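Work through the exercises below with the structure open beside you, and try each task before you read its solution.

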Amino acid sequence: MVSAGLAIAASGSATAATQCNGAMSGTIVGGVVVNAGDFCVLGGANVSGGVQVTNGGILIVCASVINGSIIANGAAGILLGPEEISCPGNVINGGVEVSNTGPGAFPPPAPSISIENSVISGAVHLSGNKGPIVVARNTIAGGLFCRNNASVLDDEGNPSVITGRVTCQFE
């Protein structure tokens with residue numbers, strides 16, 4: 001799991017997480033942290049160490065590889081690969097855990113959480129979220145788990161291929 005002290009060992013030394021507020025691409029070692037009030041766009045990035053979004057942060061990820069998990073608690077918005085903004089999908093070599101997010105940083109009908117067009121090697125956990133949630137056109141290897149969200153999920157008519165247990169309801 002990614003934590004507030006996000007760091008990885010590299011050749012015997014720790015590499016601190018990179019703070020993101022704006023657009024980032026290329027290779028990022030040590031993970032990424034999106035702090036409260038920051039708006040981070042990862043486009044064509046290759047992140048080693050995962051991504052953490054803190055209370056009030058906004059994350060958009062397009063055409064990127066995340067080697068580690070994406071963890072968000074209290075984020076304003078999480079958009080992973082939504083085609084509505086011409087954002088290609090991602091490869092996430094880890095899980096996705098989003099809790100207490102929303103009701104949304106973007107005007108309706110935009111979702112506060114969008115997980116689309118991506119390959120995710122771990123489980124996706126969605127809990128206590130307050131806004132609309134889209135989960136569409138993914139390959140998810142570790143199951144899809146929902147708990148205490150304000151809305152059911154929308155797959156936009158494009159269901160995901162999910163290996164493992166599913167505890168979520170779709171519109």
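A pocket, as the word is used in these exercises, is an open set of grid points where a 1.4 Å probe fits, with protein on both sides within 12 Å along at least five of seven lines, and its volume is the space filled by probe spheres set on the points. Keep in mind throughout that this is a predicted model.

**Exercise 1. The pocket**

Task: State the volume of the largest pocket, and describe which residues and strands line the largest pocket.

Solution. Begin with the volume, which for the largest pocket is about 270 Å³. Next, turn to the lining, which is made by 19 residues, with Pro 109, Ala 110, Pro 111, Val 134 and Glu 156 lying nearest the centre of the pocket. Sorted by class, the lining holds 12 nonpolar, 2 polar and 5 charged residues. Finally, look for the strands that take part: β14 (113-116), β17 (133-136) and β20 (153-154) each give at least two residues to the lining.

**Exercise 2. The sheet**

Task: Work out the order of the strands in the open sheet of 7 strands, and explain which strands stand at its edges.

Solution. Reading across the sheet, the order is β3-β5-β7-β10-β13-β16-β19, and the pairing is parallel. The strands at the two ends of this order, β3 (18-19) and β19 (144-147), each have a single partner strand, so one side of each is left without a neighbour in the sheet.

**Exercise 3. The nonpolar core**

Task: Find which residues have the most contacts inside the largest nonpolar core, and list what Leu 80 touches.

Solution. The largest nonpolar core has 34 residues, and those with the most contacts inside it are Leu 42, Val 51, Leu 59, Leu 80, Val 96, Ile 115 and Leu 126. Strand β6 (residues 39-48) contributes the most to this core, with 4 residues. To see one member in detail, take Leu 80, whose contacts, leaving aside residues up to four places away in sequence, include Leu 59, Val 96 and Ile 115. The list for Leu 80 also contains Val 61, Ile 70, Asn 90, Ile 92, Ser 114, Glu 116 and Ser 118.

**Exercise 4. Buried or partly exposed?**

Task: Decide whether Ser 112, Val 53, Asn 117 and Glu 156 are buried or partly exposed.

Solution. The cut-off needed here is that a residue is buried under 20% relative accessible area and exposed over 50%, with partly exposed in between. Ser 112, in the loop between β13 and β14, has a relative accessible area of 0% and is therefore buried. Among the residues that Ser 112 touches are Ala 76, Gly 77, Thr 101, Gly 102, Pro 103 and Pro 132.

Val 53, which belongs to strand β7 (residues 51-53), has a relative accessible area of 1% and so is also buried. Its contacts include Val 34, Ile 58, Leu 59, Ile 71 and Ile 78. Although Val 53 and Asn 35 are 18 residues apart along the chain, their C-alpha atoms are separated by 6.3 Å.

Asn 117, in the loop between β14 and β15 (119-120), is partly exposed because its relative accessible area is 23%. Glu 156, in the loop between β20 and β21 (161-162), is likewise partly exposed, with a value of 30%.

**Exercise 5. The backbone**

Task: Identify which peptide bond is cis, and give the phi values of Asn 117 and Glu 156.

Solution. The cis peptide bond joins Gly 102 and Pro 103, with omega about 15°, and Pro 103 is found in the loop between β13 and β14. For the phi angles, Asn 117 has a positive value near 55° while being a residue other than glycine. Glu 156, also not a glycine, has a positive phi of about 50°.

Note on methods. Residues numbered from 1 in each chain as written. Predicted model: local features only at pLDDT ≥ 70, side-chain atom pairs only at ≥ 80, totals over all residues. Heavy atoms only, no water. Pairing = 2+ DSSP bridges. Core = buried A, V, L, I, M, F, W, Y, C linked by side-chain atoms within 4.5 Å. Buried < 20%, exposed > 50% of the residue type's maximum accessible area, 1.4 Å probe, protein only. Contact = heavy atoms within 4.5 Å. 1 Å grid on protein atoms, 1.4 Å probe; cavity = no way out; pocket = protein on both sides within 12 Å on 5 of 7 lines; lining within 4 Å. Nonpolar A, V, L, I, M, F, W, Y, C, P; charged D, E, K, R; others polar.
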